[in-house]
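I opened the model to look up a few side-chain pairs and how accessible their residues are. My entries follow.

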Amino acid sequence: MTANKDDIMVRVTRYHTKKTWSSSTTFFEIKTKNKLVNNLYDPHKEYVVERRFNDFKTFHDLLTNNADYKGRAIPSLPHDAKSYMDYF
């Protein structure tokens, strides 16, 4: 089975900041929906997770430093978490 661009939907739907006495961390809500029929995912269910900006940075670094993705269009990351939502 070959996936096309409409088979998997990924959206960053909101963000919030958690503050402690010494720092603050921004979390992003990611919603995904997989329209492919397989044994792992329900094609009618939307999955929701929270990720930190550093999770995106780690994933971006992994993609850009992997020879398998050389020459592919990988969007650049914003400079910080606050400007990240401007991408969506």
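Entry 1, a polar pair. I looked up Thr26 and found that its side chain makes a polar contact with the side chain of Thr17, at 3.4 Å. A polar contact here is a pair of N or O atoms within 3.5 Å; within protein, one must be able to donate a hydrogen and the other to accept it, and residues adjacent in sequence count only if both atoms are side-chain atoms. Thr26 lies in strand β2; helices (H or I, at least four residues) and strands (E, at least two) are DSSP runs, numbered from the N terminus. With a relative accessible area of 14%, Thr26 is buried. I used these classes: buried is under 20% relative accessible area, exposed is over 50%, and partly exposed is in between, with a 1.4 Å probe and protein chains only.

A note on the source: this is a predicted model, in which local features need pLDDT of at least 70 and side-chain atom pairs count only at pLDDT 80 or more, while totals for chains, interfaces and linings use all residues. Residues are numbered from 1 along each chain as its sequence is written, and side-chain values use heavy atoms, with hydrogens and water left out.

Side chains of opposite charge can pair when their charged atoms come close. I took a salt bridge as a side-chain nitrogen of Lys or Arg within 4 Å of a carboxyl oxygen of Asp or Glu. By this rule I count three salt bridges.

Arg11 pairs with Glu46 at 2.9 Å, N to O. Arg11 is in strand β1 (residues 8-19) and Glu46 in strand β3, so this pair ties together parts that are 35 residues apart in sequence. Arg11 is partly exposed at 35%, and Glu46 is partly exposed at 31%.

Glu29 and Arg14 form a salt bridge at 3.3 Å, N to O. This pair links distant parts of the chain, with Glu29 in strand β2 and Arg14 in strand β1, 15 residues apart. Glu29 counts as buried at 15% relative accessibility, whereas Arg14 is partly exposed at 40%.

Asp61 bridges to Lys57, with the closest N and O atoms 3.0 Å apart. Both residues lie in helix α1 (residues 53-64), four residues apart, about one turn of the helix. I noted Asp61 as partly exposed at 29% and Lys57 as partly exposed at 39%.

Where is Pro43 found? I located Pro43 in the loop between β2 (24-34) and β3 (46-52). Pro43 counts as partly exposed, at 21% relative accessibility. The C-alpha atoms of Pro43 and Asp7 are separated by 9.4 Å, and the two residues are 36 residues apart along the chain.
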